[in-house]
Every structure is written in C-alpha cells, then in structure tokens.
Amino acid sequence: MDLSFLFNDYVMQVTTNTGINIIMVLGLNLITGVTGQLSLGHAAFMSIGAYSSAILSTSLGAPFIVSLVTGTLTGAIFGAILGIPILRLRGDYLAISTLGFGEIIRVILLNTDLVGGALGIYNIPDSTNIYIVFIAVAFAIFFMYRLEKSRHGMAIKSIREDEIASEMMGINIARYKIISFTIGSGFAALGGTLYAHFMTYINPVDFGFMKSIEQLCMLVLGGMGSIFGAVAGTIVLSTIPEFLRFASEYRMLTYGIVLILMMIFRPQGLFGKIKVNV
Amino acid sequence: MLSSLFQQFLNGITVGSIYSLVALGYTMVYGIIKLINFAHGDIFMVGAFIGLIISIKMGTNFTLVIFIAIVLTSFIGVLVEKIAYKPLRNRNSARISALISAIGVSIFISNLVVLINGPQNESYPQLLPNNILQILIILISIGLMYGLYYIVHNTKVGIAMRAVSFNVNTARLMGINPDMVISFTFAIGSLLAGAAGVLVGTYYRAVDPFMGMMFGLKAFVAAVLGGIGSIPGAMVGGLILGLTEVLGVAFVSSSFRDAIAFGILIIILIVKPTGLFGKKTKEKV
C-alpha cells in the first residue's frame with residue numbers, strides 16, 4: 001500500500017499544528033481539569049512564550065533551543081506572577097480575572113512598538129519541525145502523567161474535589177494552585193514558542209480571547225481532567241476543520257453548539273470520568 | 001478647557017448609563033442563579049441588530065424600533081435560559097458547566113449573526129435628534145432603571161425575585177415558582193440589554209456582530225465594581241466605569257481603552273471582591 005500521501009507538506013503542517021495544540025491543552029488541563037481552576041486567559045501565556053522567544057530569535061539571534069527554553073520559562077514566570085494575586089479568587093471570579101489579564105496582555109502587546117505593535121513580529125526562523133513537536137508532545141504527556149501520580153498530583157486533585165476539606169487535611173491550597181498555574185502556563189508558553197517558530201509570523205490578534213475559548217473547547221470535548229481526553233479532544237477539533245473546509249463559516253457556530261450540548265448531555269466530556277464540581 | 005471637560009463628562013455619563021443598563025442584567029441573573037451570563041453581551045448586540053433591521057424595514061421611528069427590539073430580546077433571553085441553562089440547573093450541574101454553556105451560547109449567537117448578516121460593520125440610522133442625543137439617552141436609561149427599581153420593590157413578582165435570590169428553597173416553600181421567576185429575570189435583563197443595544201447603535205451610529213463581547217464584559221466589570229447582585233451597585237458601577245474610560249481616553253491614552261476596564265476589575269477583585277455596594281446593601285436580586 002502506498003502511504004506516501006500521508007507525508008506531504010499539508011499533512012505535516014496539520015500534524016505539527018495539532019501537536020502544538022496538544023501541548024497547550026495539556027497545560028490548560030492541568031489548571032482547569034486537574035486543579036479545577038477555570039482559566040479563560042490561556043492564550044495570553046501562549047503569547048508570552050511566542051513573543052519572548054521570537055524576540056530572542058530575531059533581534060538577538062539566539063539559537064532555537066535557547067529561545068525555546070527561555071520562552072517557556074518566561075511564560076511560567078508570568079504564570080506565577082499573575083497567579084499569586086488572582087488565585088485567591090474562586091470559581092467564576094477567577095475565570096473572569098484570567099480573562100481580564102488575557103485581554104490586558106493582548107492590549108499591551110498591541111500597543112508596544114518594541115514588539116511590533118499591531119504588525120507583530122515576522123521573519124522568525126522556521127525552526128519548529130515535526131520531530132521537535134513530537135518530542136515536546138511526548139514530554140508533555142509523560143510529565144503530566146507523572147505529575148498526576150505524584151504527591152503534588154494527589155494534592156491538586158483533592159483541591160479540585162473539595163477545597164475546604166483538602167485544606168483541613170493540611171494541604172497548602174494557595175501554594176499548590178500557584179504551582180499548577182505556573183506549570184500550566186509554562187506549557188502554554190512552550191506551545192506558543194513552537195507556534196511562533198512554526199508560523200514564522202505572529203501578531204497580537206492570534207492570541208485573543210477566541211484562542212483561549214478554542215483551547216477550552218478542545219479540553220471540554222475530550223474530557224476535563226483526563227490526559228487522554230485532552231489529547232483526543234485536541235486531535236478531533238484540530239483535524240475536523242481540515243476535513244470540513246467547505247463548511248468553514250460554520251466552524252465557530254459549531255464550537256458554540258458543541259460547548260452547550262456537551263455541558264447538557266455529557267459534562268465530563270467524551271473520555272472524562274470525573275465530575276468537575278466548581 | 002472647561003467646556004471640553006464638561007463635554008467629556010457628558011460623554012462619560014452617556015456611555016456609563018448604557019453600561020449600567022447592561023450591567024443590571026448581569027447583576028440580576030448573578031443574584032438569582034449565581035451565573036455569569038456570558039451570552040448577555042450578545043443579546044445586547046442582537047438588540048442593536050434588531051433595531052437596525054426594524055428601522056430599515058419600518059422606518060426610523062425610535063419608539064417603535066426600541067419597542068420591537070426589547071420585546072424580541074426579552075423573548076430571546078428567556079429562550080436562551082430555557083435551552084441552555086435550565087437543563088443544567090435541573091440536574092444540579094457544577095457551576096463551571098453552566099459558565100461554559102453560557103460561553104457556548106455567546107459564541108453561537110454572535111456567529112449566527114455573522115452567518116445571517118455577514119461580519120462587516122453596519123452603519124446605524126439616525127433615530128434621535130442629534131443635538132439632544134446624549135441627554136435623551138441618559139433620560140431613557142434613567143427611565144428604564146426607575147421602571148426596574150419599581151418592579152423589584154413594589155410588585156409581587158419583584159418580591160418573588162428578591163425572595164428567590166435570598167434563598168431558592170425557602171422561596172419554593174412559600175409557594176413561589178422559581179423557574180417562573182428566573183425566566184422573568186432573564187426577560188427583564190434581556191429587555192434592558194436590548195434597549196441598551198439600540199441606544200449604543202444610535203449613539204455610535206455603527207454596530208458589528210462582535211461588539212457584544214467586549215461591551216458585555218465591560219458591563220460585567222461595572223456590575224462587579226458596584227457589587228454583583230446589587231441593583232444600585234450596577235447603576236453606580238456603570239457610571240464610574242463610563243466616566244473612567246472616557247476621561248482616561250481623553251486625558252491619558254486612547255490605545256489602552258480596553259485595558260482600563262479590566263485593570264479596574266482586577267484591582268477591585270483583589271482589594272474588595274464584594275464591590276462598592278456588595279456589603280452595605282444586602283439587597284440581592
């Protein structure tokens with residue numbers, strides 16, 4: 001059988017894009033699915049990773065691996081800095097303030113001439129390839145899997161199930177929430193870094209509220225709190241639009257319907273087992 | 001200088017009173033079912049578009065336009081509640097599920113309008129005389145808010161609303177049908193949003209299918225600023241937000257316009273999460 005059609009540029013591109021999405025959705029899964037803190041500003045951390053690494057690669061000419069690591073760490077640091085004040089909030093207040101931070105970061109990027117303003121950054125070296133993405137995805141899945149099995153994982157799952165009870169058990173809620181948020185933002189930034197070096201061009205519009213919603217949609221469809229669910233949901237929502245190119249104007253409409261129907265009929269997602277109660 | 005300051009103040013109060021109208025819908029729904037109704041901003045946008053279509057098809061009679069717009073938006077608001085929120089409420093779903101469902105409704109409505117009307121900006125007809133436009137907008141907003149205040153305080157259904165927001169189960173024991181009251185709340189909130197949509201269209205003379213998202217979020221910020229669940233809070237919060245935004249744009253920088261509201265939100269949430277009126281007045285509707 002001739003399988004060479006699977007290896008053309010188009011398929012490679014879709015696969016790479018899916019892989020990048022998986023990394024970011026896994027980060028979101030850690031924050032929203034495993035720790036139970038709804039974040040609506042995930043794309044903001046993606047943008048921080050993308051911008052910081054793109055500046056390193058273009059203006060300073062740093063090697064890709066340096067940009068990759070620095071971009072990821074910058075995102076994680078921002079996650080920690082923003083997480084400390086807002087993670088005291090709960091439920092929808094937290095959601096709305098992550099949204100607020102996301103918008104503020106986008107507006108700042110849009111109005112800072114140093115990072116290109118509305119024009120964005122172009123001519124980023126085309127360093128991301130499918131092998132690097134594959135390694136990063138494998139790393140992300142392995143990391144998340146080990147994390148959930150660890151002491152930390154147990155602690156954050158207990159926070160999701162019942163915050164007050166886990167506090168009674170002596171778990172330092174604030175600390176674990178911030179750690180989760182930092183790691184999750186770090187993965188978003190890793191995805192953003194790969195995205196910037198894959199697209200070779202970024203601008204603030206790529207990282208708006210809709211991007212955060214798209215990632216949330218992938219997670220919700222697959223199942224919050226499940227690594228397999230996050231990966232499966234992302235693959236489904238990243239590839240289906242490619243098959244339905246002729247119906248692309250219905251894409252966002254379908255996202256909306258998917259969110260509503262999933263919440264009504266199967267709030268735990270296609271592959272999730274847990275009931276998220278926030 | 002002084003007259004320009006006065007003009008900016010008037011602009012701020014005009015925008016602020018429209019924010020207040022939308023914020024009231026958020027605050028009432030949150031007070032009753034503890035849900036950030038993300039779709040509220042899109043109902044506001046639909047109100048503006050209904051106004052646009054009516055004024056094209058049936059002439060630019062402001063009273064007729066706003067009347068049809070508010071009737072249809074309150075109908076849409078109830079429909080959204082019945083389809084997207086009620087099934088969740090009946091099964092005692094997690095609050096995060098209702099929030100995600102609301103985001104779904106919001107995406108659905110705005111993209112439905114894109115599908116029907118296209119993604120472009122539409123220019124709005126002149127419905128009110130230009131020279132007293134701002135005064136009229138402020139007066140209409142005040143009138144609507146007074147109407148709401150009257151309903152909540154002096155009618156049976158208003159008492160039922162306050163009872164349900166205080167405690168659903170006790171209200172049910174007293175013979176109140178909470179589902180009916182919740183639907184009524186959505187109807188009133190959406191009515192105010194529809195009116196605000198027409199007013200915004202008349203004021204800025206342009207509408208687009210995605211204007212509901214940002215405007216709605218800012219109105220939500222106004223509701224949080226005033227203390228979510230509090231009706232006077234939403235009114236005052238809207239005015240403060242409108243004034244801050246207009247004065248900030250006029251005297252500091254226009255490019256950070258959207259960041260101002262969210263900056264206020266985060267500061268409020270961190271410093272005083274109950275908002276300005278959250279504690280003082282226990283009134284929650």
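I began with charge pairs between the two chains, and the count between chain B and chain A came to zero salt bridges, a salt bridge being a side-chain nitrogen of Lys or Arg within 4 Å of a carboxyl oxygen of Asp or Glu. I note at once that this is a predicted model, in which local features need pLDDT of at least 70, side-chain atom pairs count only at pLDDT 80 or more, and totals for chains, interfaces and linings use all residues.

Next I asked which helices of chain B each supply at least two residues of the side that touches chain A. I found H3 (62–90), H4 (95–117), H9 (211–226) and H11 (257–271) of chain B, helices being DSSP runs of H or I with at least four residues, numbered from the N terminus. The largest share, 14 residues, comes from H4(B). I sorted the residues on this side of chain B into 31 nonpolar, seven polar and four charged, with Ala, Val, Leu, Ile, Met, Phe, Trp, Tyr, Cys and Pro as nonpolar, Asp, Glu, Lys and Arg as charged, and the others, Gly among them, as polar.

For area, I noted that chain B and chain A bury about 3600 Å² between them, 80% of it on carbon and sulfur atoms; this is the accessible area (1.4 Å probe) that two parts lose on being put together, summed over both. In chain B, Ile96(B), Ile100(B) and Ile107(B) lose the most area to chain A, together 17% of what that side buries.

I also checked the predictor's scores, which for the complex are an ipTM of 0.83 and a pTM of 0.85. Chain B averages a pLDDT of 87, with 97% of the residues scoring at least 70, on a per-residue confidence scale from 0 to 100.

Last, I looked at Lys34(B), which lies in the loop between H1 (2–33) and H2 (40–58) of chain B and has a positive phi near 55 degrees.

Notes: Residues are numbered from 1 along each chain as its sequence is written. Chains are lettered from A and ligands numbered from 1 in the order in which they are written. Side-chain values use heavy atoms; hydrogens and water are left out. pLDDT is the predictor's confidence in each residue, from 0 to 100.
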